Amino acid sequence: QVRLMESGGGSVQAGESLTLSCVGRGPSLSGYDVTWYRQAPGKEREFVAGMSWSDASKYYADSVRGRFDMSRNNYEDAMYLHLKSLTPEDTATYYCKVSPSGIRDDARATWGRGILVTVSS
């Protein structure tokens, strides 16, 4: 069974950067699409970014496009979300998710436990 281990969160000042890591443990993540979501306090979970395994296409929410970037290291089953020019509105718990059935799939997905990012002004 796939397990995901997230790291890299923390507290930063507005304008600073962070890189979140999500590493898979267990079966290989070859063929799995990866998606990042976030949930701010008192708000619903929202899509942040996704990356397709098949052609490495990347998709971003309008709110983060141009500031966030995804990458992955397939040999190490590691996925990354690079956060730049952070604002207090980016404060949230960030979750990585992998699925063999597409970026938007939830039925066959495995989720990380989430990692907190706090941005102060």
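Arg38 is buried, and so is Asp90. Buried here means under 20% relative accessible area; exposed is over 50%, and partly exposed lies in between, with a 1.4 Å probe and protein chains only.

A word on the basis. This is a predicted model, where local features need pLDDT of at least 70, side-chain atom pairs count only at pLDDT 80 or more, and totals for chains, interfaces and linings use all residues. Residues are numbered from 1 along each chain as its sequence is written, and side-chain values use heavy atoms, with hydrogens and water left out.

Back to that pair. Arg38 and Asp90 form a salt bridge, with 2.9 Å between the closest N and O atoms. The two sit in distant parts of the chain, 52 residues apart. Arg38 is in strand S4, residues 33-39. Asp90 is in the loop between strand S8 (78-83) and strand S9 (92-99). Strands (E, at least two residues) and helices (H or I, at least four) are DSSP runs, numbered from the N terminus.

The rule for a salt bridge: a side-chain nitrogen of Lys or Arg within 4 Å of a carboxyl oxygen of Asp or Glu. How many salt bridges does this rule give? The count is six. Arg38 and Asp90 also belong to a network of salt bridges, together with Glu46 and Arg67.

Next, Asp69 and Lys58. Their salt bridge has its closest N and O atoms 3.3 Å apart. This pair, too, links distant parts of the chain: Asp69 is in strand S7 (residues 68-73), Lys58 in strand S6 (residues 58-60), eleven residues apart. Buried or exposed? Asp69 is partly exposed, at 31% relative accessible area. Lys58 is partly exposed as well, at 36%.

Then Asp62 and Arg65. Here the closest N and O atoms of the salt bridge are 2.6 Å apart. Asp62 is exposed, with a relative accessible area of 63%. Arg65 is partly exposed, at 48%.

Now strand S11, residues 115-120. Which residues make up its covered face? Ile115, Val117 and Val119. The uncovered face has Leu116, Thr118 and Ser120.

S11 has partners. Two strands pair if DSSP finds at least two bridges between them. Strand S2 (residues 10-13) runs parallel to S11, joined by four bridges. Gln13 stands opposite Ser120 of S11. S9 pairs with S11 in the antiparallel sense, over three bridges. There, Thr93 has Leu116 in S11 as its bridge partner.
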